[in-house]
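Dear colleague,

I am handing over the structure we spoke about, with notes on what turned up in it. Please read the notes with the model open beside them.

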2 protein chains.
Amino acid sequence: MADEAPLPVREIGSFLVGGRAVTLRERPARGLIGDPGQQVNLNGDFALHQMYVQYVTLADPRGRYPILLWHGGSLTGAVYETTPDERPGWQSSLLRRGHSVYVVDAPGHGRASWARYPELEPREPTFRSHEALWTLLRLGPPGSYAADPAGRRPYPGTRFPVAHFDQFAKQTVPRFAVDPVEVQAAYDALIQRVGPCVVLTHSAAGQFGLAAAPRPPGLVRGVISIEPSGGPDPDAVNLASLREIPHLFVWGDFLDRDEQRGVWEPLVRSTARYHAALVASGASSKWIDLPARGIRGNSHLLMADTNANEIATLIDDWMRRNGLIATR
Amino acid sequence: MADEAPLPVREIGSFLVGGRAVTLRERPARGLIGDPGQQVNLNGDFALHQMYVQYVTLADPRGRYPILLWHGGSLTGAVYETTPDERPGWQSSLLRRGHSVYVVDAPGHGRASWARYPELEPREPTFRSHEALWTLLRLGPPGSYAADPAGRRPYPGTRFPVAHFDQFAKQTVPRFAVDPVEVQAAYDALIQRVGPCVVLTHSAAGQFGLAAAPRPPGLVRGVISIEPSGGPDPDAVNLASLREIPHLFVWGDFLDRDEQRGVWEPLVRSTARYHAALVASGASSKWIDLPARGIRGNSHLLMADTNANEIATLIDDWMRRNGLIATR
């Protein structure tokens with residue numbers, strides 16, 4: 001990066017979008033969790049379920065539309081900024097390829113903030129241990145994590161920078177079970193604000209990107225789903241509205257291991273069904289199974305893997321072939 | 001912003017620094033807060049009290065050193081990005097004036113993440129209601145907040161964009177009482193990593209900036225304290241080590257109102273004592289009382305006020321006069 005030409009940036013900034021105001025009234029005080037002798041006043045007005053959005057726009061973008069980067073569960077937009085071993089992340093990769101970017105923190109995650117439980121969030125969030133993260137990201141089979149890095153047994157050939165796993169774990173956040181209808185509303189509000197855009201999602205954000213695309217007035221001009229957590233029911237979607245909206249699906253390795261299949265097979269299957277329906281309806285939909293192309297070793301966190309920049313090139317090439325990059 | 005020349009950016013990225021690994025072992029499962037019939041396994045390895053740092057470095061900075069921007073309590077680095085009424089924040093103001101910037105989220109805030117309570121954080125954090133925020137920021141006297149924006153009675157002449165107060169409230173986060181020794185260690189680790197730098201703090205971060213400056217090996221080259229929450233005991237500081245380290249203190253309006261004095265007078269007094277000791281020791285220390293200069297109406301959140309850009313100019317001028325900007 002440091003040896004490259006300066007990036008001509010137009011604007012850097014952030015905003016919060018979506019969410020709602022809630023008021024607690026006439027609630028009796030209760031004991032502080034962890035120090036019940038101390039009484040807390042619960043009453044007042046609070047903000048809930050807004051989304052944080054940080055943008056870096058280019059003075060002269062090559063991409064026709066800005067790209068919105070939506071992270072997966074237990075993560076924040078930081079996952080797109082820099083890899084755990086400190087290579088430039090997809091935010092920089094895409095900026096360098098001429099795309100303005102909007103990186104979000106989803107409701108309840110990171111700078112989007114979170115609210116008191118059990119009064120405003122009904123339940124405590126999920127706190128994933130390092131072992132749970134290790135397994136979920138398909139870095140190794142169950143039981144292959146150890147507190148001591150020297151004792152960890154990742155999948156042979158993994159492209160995740162496993163020596164920096166503990167550094168990665170620092171960027172994970174607790175995960176609230178926010179009503180998906182509210183989360184979708186925040187994403188939709190973001191799209192309304194930005195205007196025509198390309199949406200790039202990872203994992204749990206996949207459903208929101210796929211659902212946003214068919215919505216009037218059709219501001220989503222392309223959807224890139226990195227290992228989405230399943231696809232919508234195609235029978236419930238107006239597929240005709242997607243005929244001009246190219247879709248891309250990208251999948252990593254180790255999905256069909258015996259110990260992984262139980263988690264991933266249903267997600268891949270429902271996504272593949274949606275992809276097939278898109279193709280049948282005449283839309284442009286591309287399915288990239290990286291191992292089938294001979295690109296082995298990718299984890300669930302492809303944007304952190306050692307070949308993340310090459311995958312960004314695949315994505316950029318797909319955008320070019322699908323009319324998402326201006327011809328000069 | 002949009003009409004200005006492109007900003008020549010060298011690198012954009014982020015990292016996490018400081019904090020520690022903690023392990024919970026052999027803890028019995030307990031009921032989920034909010035759904036006690038569901039049992040949660042508490043055990044595993046977790047990360048605690050790391051700090052998130054996002055950097056935007058310039059290809060050809062005018063400032064001799066990057067500026068580290070440290071936010072106050074219940075806030076995140078977002079407070080420096082864009083004002084609640086969507087003017088460019090100090091991050092952009094300083095970048096436009098030729099300074100590379102590092103914006104942090106302090107331990108427990110925003111993208112720095114937070115951990116399960118009461119097991120890893122001993123106590124529930126403070127959740128500030130809109131009314132508590134309104135009063136704390138000195139937007140009006142106690143009782144002047146109302147849920148309905150039309151019913152709010154801010155101080156006449158306030159420079160806070162009060163019409164956008166609810167938008168501001170969305171960016172606030174719960175506040176954990178993290179051990180200040182641990183927080184200081186994270187800030188010190190950041191300074192060690194960045195190298196020679198200028199530190200700009202707001203409110204609760206003030207104590208950490210002032211304490212970082214005298215530490216060997218003397219990497220802090222200037223300290224800008226925006227309404228710090230008090231100053232260190234000068235008798236406990238090696239003031240001789242600060243002779244070449246300029247200090248700046250900036251204060252807004254409404255501090256001496258009867259209803260505000262109880263909160264602010266002790267903070268101003270202990271800071272003034274430290275400033276006086278710096279001056280007496282031969283250090284360069286500047287005290288800017290904005291109302292005394294005829295600049296009235298500033299709230300506690302000066303970086304969000306309508307004259308935020310003018311205050312950035314004051315800061316930049318002070319840096320120039322104190323040798324913190326390269327002469328070409």
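This is a predicted model: local features need pLDDT of at least 70, side-chain atom pairs count only at pLDDT 80 or more; totals for chains, interfaces and linings use all residues.

Residues are numbered from 1 along each chain as its sequence is written, chains are lettered from A and ligands numbered from 1 in the order in which they are written, and side-chain values use heavy atoms, with hydrogens and water left out.

**The interface**

On the side of chain B, 71 residues are in contact with 71 residues of chain A, contact being taken as heavy atoms within 4.5 Å. The two chains bury about 5600 Å² between them, 53% of it on carbon and sulfur atoms; buried area here is the accessible area (1.4 Å probe) that two parts lose on being put together, summed over both. Between chain B and chain A there are 10 salt bridges, a salt bridge being a side-chain nitrogen of Lys or Arg within 4 Å of a carboxyl oxygen of Asp or Glu. In a salt bridge of 2.8 Å, N to O, the side chain of Arg111(B) meets that of Asp105(A).

Across the interface of chain B and chain A, 42 residue pairs are in polar contact, both residues being at pLDDT 80 or more. A polar contact is a pair of N or O atoms within 3.5 Å; within protein, one must be able to donate a hydrogen and the other to accept it, and residues adjacent in sequence count only if both atoms are side-chain atoms. The elements of chain B that give two or more residues to the side touching chain A are strands S1 (7-17), S3 (30-32), S5 (44-48), S6 (51-58) and S8 (101-105), together with helix H1 (90-96); helices (H or I, at least four residues) and strands (E, at least two) are DSSP runs, numbered from the N terminus. The largest share of that side, 10 residues, comes from S1(B).

**Nonpolar cores**

The largest nonpolar core has 102 residues, and those with the most contacts inside it are Trp70(A), Leu190(A), Trp70(B) and Leu190(B). A nonpolar core is a set of buried Ala, Val, Leu, Ile, Met, Phe, Trp, Tyr and Cys residues joined through side-chain atoms within 4.5 Å, where buried means under 20% relative accessible area, exposed over 50%, and partly exposed in between (1.4 Å probe, protein chains only). Not counting residues up to four places away in sequence, Leu190(B) touches Phe15(B), Val17(B), Met51(B), Val53(B), Leu68(B), Trp70(B) and Val104(B). A second, separate core of 90 residues includes Leu58(A), Leu200(A), Met319(A) and Val101(B).

Thr76(A), found in the loop between strand S7 (67-70) and helix H1 (90-96) of chain A, is buried at 0% relative accessibility. Leaving aside neighbours within four places in sequence, Thr76(A) has contacts that include His71(A), Asp105(A), Gln171(A) and Arg111(B).

Arg116(A) lies in the loop between strand S8 (101-105) and helix H2 (130-136) of chain A and is buried, with a relative accessible area of 3%. Leaving aside neighbours within four places in sequence, its contacts include Arg30(A), Glu121(A), Glu124(B) and Phe127(B). A network of salt bridges links Arg30(A), Arg116(A), Glu119(A) and Glu124(B).

Ala236(B), by contrast, counts as exposed at 66% relative accessibility, and is found in the loop between strand S10 (220-226) and strand S11 (247-251) of chain B.

**Salt bridges within a chain**

A search of the whole structure finds 40 salt bridges over all chains. Arg215(B) forms one with Asp188(B), the closest N and O atoms being 2.9 Å apart. That pair links distant parts of the chain, with Arg215(B) in the loop between helix H5 (206-212) and S10 of chain B and Asp188(B) in helix H4 (residues 180-194), 27 residues apart. Arg215(B) is partly exposed at 37% relative accessibility, while Asp188(B) is buried at 16%.

In chain A, the side chains of Arg320(A) and Asp317(A) meet in a salt bridge of 3.4 Å, N to O. These two residues are separated by about one helical turn, because they are 3 residues apart in helix H7 (residues 308-321) of chain A.

With best wishes
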